[in-house]
Amino acid sequence: MGEVDELRAIEERIRKLRDEIEFHNYRYYVLDDPVISDAEYDALMRELVELEAEHPELVTPDSPTQRVGAAPAEAFAPVVHRSPMMSLANVYSVEELRAFDTRVRKALGGELVEYVAELKIDGLAVSLTYEDGKFVRGATRGDGTTGEDVTHNLRTIRSIPMRLRLDQPVSIDVRGEVYMIRREFHKLNEERRAAGEPLFANPRNAAAGSLRQLDPKVTAARPLGMFVYGIGYMSGAGGAAPETHLEALGLLKEAGFRTNPNTRLCRTIDEVVDYCAHWRERRDSLDYEIDGVVVKVNSLAQQERLGATARSPRWAVAYKFPARQATTKVRDIIVQVGRTGTLTPVAVLDPVELAGSTVSRATLHNEDIIRAKDIRIGDTVIVEKGGDVIPEVVKVVTERRMGAEREFRMPTKCPECGADVVRLEGEAASRCVGGMACPAQVREGILHFASRDAMDIEGMGPSLVAQLLDAGLVKTVADIYDLKLDDIARLERMGKKSAENLLGAIERSKSHPLHRLVFGLGIRHVGERSARDLAEHFGTMDKLAAATYDELTRVPDVGPKVAESVLAFFREPRNREILRRLADAGVNMKETERAAPSAESPLAGKTVVLTGTLERFTRKEAEEAVLARGGKVSSSVSRKTDYVVVGKDPGSKYDKARELGVTILDEHEFERLLGEG
């Protein structure tokens with residue numbers, strides 16, 4: 001083979017490698033459905049890197065190797081958008097949403113109007129420019145007319161295609177939102193905390209900060225994603241040019257972009273209102289942040305006729321959810337003691353409205369976080385509420401400090417029992433060493449023992465437990481089983497009937513399988529899943545108590561930390577005495593033997609996700625039914641999910657299952673499937 005032929009062969013191999021790698025990027029980062037292993041992908045990339053290193057003259061800007069590693073920028077050059085990236089007008093109520101609909105229909109002379117409702121991703125808006133189907137430039141929104149050139153950083157985001165997957169060479173500006181998923185945001189902040197770096201306030205700030213790094217290698221190390229939501233400019237599409245916004249999203253998806261799967265066509269404003277209400281309640285079921293819903297007129301011709309004001313289109317509006325962040329003042333920092341003795345500092349705040357409720361306290365987690373965020377008593381702070389998690393302080397407004405603010409110091413004595421407070425090397429938490437002598441640990445331990453997922457003693461809530469402790473009727477969980485009717489009936493707001501109901505719940509709790517007792521004991525690091533694994537592996541409490549370190553670590557998913565914690569628990573004489581008393585009281589100390597699932601069971605080896613409210617099962621009963629038939633219960637939907645069981649008011653898992661083509665079962669179909677097992 002001559003030198004020219006050899007070079008042509010290398011050039012062809014490079015082209016094929018680029019096409020193959022981009023195809024696998026699309027499968028992995030856009031469709032979430034990889035078709036090769038990571039090792040195979042890495043081998044393709046290594047070969048391309050080596051060939052391009054040997055032949056630098058063949059390197060092109062759209063090569064997958066150029067996603068990472070460009071030289072750090074000295075500054076971000078300005079980019080003038082071919083069409084303005086306009087801001088949306090905001091509405092905050094259903095009435096304002098309906099007023100928007102009235103204005104639109106009036107301006108269109110009473111024509112029928114369809115809307116597209118989309119989740120408003122809480123990230124950083126960008127514009128991607130493609131010439132002849134190739135990515136050439138990316139910019140931030142900026143002031144809407146001029147943004148910053150962040151092309152090299154955008155190249156590092158794998159869900160952004162370097163070349164469009166279209167037959168015709170289109171030139172187009174694509175608009176979208178760069179974001180960071182919640183778990184990666186928390187992971188990034190943990191890494192920054194460990195390195196002594198300032199923490200990001202929320203995922204949006206983390207995404208913006210990551211995209212505006214001068215060194216693209218830093219951006220490449222950050223887990224960013226992108227959803228596209230529209231077209232700012234397009235030429236060369238010919239007859240394929242979309243006529244509606246929904247068609248435009250379809251074209252973008254066909255071109256290789258990620259569009260949000262929860263977008264919906266709404267034929268009336270009532271459907272829009274329902275969509276907004278649905279996602280306002282379920283926003284925390286998503287793994288990324290949203291702060292509202294964007295509502296757009298679907299017809300592009302109608303959009304053009306409606307036009308825009310100086311800064312906002314008249315054909316779109318943003319319905320904003322209640323604020324999840326608010327500014328308030330830290331009046332004090334108090335310390336709460338948990339069931340394992342962990343001291344948790346809590347900020348006492350000036351009451352403030354946040355996400356639809358009044359907030360007056362926020363978790364500060366531990367002393368290290370207080371130091372890292374430099375939170376002081378008297379500070380003005382930004383607090384944030386997410387999901388079911390209690391609010392937390394995300395940032396101090398240092399500009400408002402007056403000089404009278406006071407630093408917090410973790411107490412050296414437990415505020416509940418006066419025992420020493422220690423902090424072990426390598427741990428962030430400070431702990432009370434009082435153990436069973438600490439009333440806070442006893443109180444929280446009893447509440448955990450009686451909780452639904454543990455021994456499920458209905459009626460034994462915080463108020464009753466406090467009364468039992470104050471009256472000296474209960475000091476350990478074993479004392480629960482010595483309670484007498486007359487003692488309980490004399491307590492405030494109890495009476496004979498309530499006391500009888502409580503004693504009935506206590507008696508029923510004795511027959512629960514061992515794994516619920518193991519979980520209820522509150523052994524440090526032993527959660528519900530590991531409690532079940534331990535109980536099923538050893539079968540009895542005696543065998544578990546006698547297990548060695550090696551025997552414990554042979555249990556699937558039980559690591560050194562859990563094993564050490566279990567050993568420490570059973571070494572403690574007081575714990576062994578409590579277990580003896582529980583056994584004497586008739587509490588079951590054996591794991592219920594689960595019948596081996598039939599190999600013919602339709603759920604054997606299958607992964608099931610439950611969503612919505614089931615009428616004939618509690619969530620726990622449904623999970624147990626799946627496990628009893630050899631299945632596995634998962635909390636998230638993926639292409640590996642076999643069935644999604646849907647009850648009343650399902651969340652985004654239902655939408656995800658439809659998008660991925662996963663088999664969806666209603667409750668009747670689920671029952672039939674269980675019966676076949």
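Q: Which residues make the nonpolar surface patch of about 250 Å²?
A: Val422, Leu424 and Val433 make that patch. Leu424 sits in the loop between β19 (421-422) and β20 (430-432). This is a predicted model, where local features need pLDDT of at least 70 and side-chain atom pairs count only at pLDDT 80 or more, while totals for chains, interfaces and linings use all residues. Residues are numbered from 1 along each chain as its sequence is written, and side-chain values use heavy atoms, with hydrogens and water left out.

Q: What counts as a patch?
A: Patch residues have over 30% relative accessible area and no salt bridge; like charges are joined within 9 Å, and nonpolar side chains (Val, Leu, Ile, Met, Phe, Trp, Tyr) within 5 Å. Accessible areas come from the Shrake-Rupley method with a 1.4 Å probe, and for residues only the protein chains shown count as cover.

Q: New topic, the sheet. What is the strand order in the open sheet of 5 strands?
A: The order is β2-β11-β10-β3-β9, with mixed pairing. β2 (90-91) and β9 are at the edges with a single partner strand each, so one side of each has no neighbour in the sheet. Strands here are DSSP runs of E with at least two residues, helices are runs of H or I with at least four residues, and both are numbered from the N terminus. Two strands pair if DSSP finds at least two bridges between them.

Q: How many bridges join β3 to β10?
A: 7 bridges join β3 to β10 (residues 290-297), and the two strands run antiparallel. Ile121 has Ile290 as its bridge partner in β10.

Q: And how many join β3 to β9?
A: 3 bridges join β3 to β9 (residues 264-266), again antiparallel. Here Ala117 is partnered by Arg264.

Q: Is β3 mostly covered or exposed?
A: Mostly covered: 6 of the 7 residues in β3 (residues 115-121) are buried. Buried means under 20% relative accessible area, exposed means over 50%, and partly exposed is in between (1.4 Å probe, protein chains only).

Q: How do β10 and β11 pair?
A: β10 and β11 (residues 316-320) pair in the antiparallel sense over 5 bridges. Lys296 stands opposite Ala316 in β11.

Q: Which residues lie nearest the centre of the second largest pocket?
A: Met86, Leu88, Tyr229, Lys296 and Trp315, out of 45 lining residues. The elements giving two or more residues to that lining are β3, β7 (171-179), β8 (225-235), α8 (245-255), β10, α10 (300-306) and β11. β8 gives the most, with 8 residues. About 1,200 Å³ of space lies in this pocket.

Q: How many cavities of 30 Å³ or more turn up?
A: The search of the whole structure finds 1. The largest cavity holds about 40 Å³ of space. Its lining is Asp453, His515, Arg516, Glu528, Arg532, Lys620 and Glu624. α16 (514-520), α17 (528-538) and α22 (619-628) each supply at least two residues of that lining.

Q: What separates a cavity from a pocket?
A: On a 1 Å grid over the protein atoms alone, a cavity is a set of points where a 1.4 Å probe fits but cannot get out, and a pocket is an open set with protein on both sides within 12 Å along at least five of seven lines; lining residues have an atom within 4 Å of a point. Grid points are joined across faces, edges and corners, and a volume is the space filled by probe spheres set on the points.

Q: How many salt bridges are there?
A: The search of the whole structure finds 38. A salt bridge is a side-chain nitrogen of Lys or Arg within 4 Å of a carboxyl oxygen of Asp or Glu.

Q: What does Arg305 form a salt bridge with?
A: With Glu111, the closest N and O atoms being 2.8 Å apart. Arg305 is in helix α10 and Glu111 in the loop between α3 (94-107) and β3, so the pair ties together parts 194 residues apart in sequence. Arg305 is exposed at 52% relative accessible area, and Glu111 is partly exposed at 29%.

Q: Which residues are linked in a network of salt bridges?
A: Glu12, Arg15, Asp19 and Arg163.

Q: Last one. Is Pro391 buried or exposed?
A: Pro391 counts as buried because its relative accessibility is 8%. Pro391 is in the loop between β16 (380-384) and β17 (392-396).
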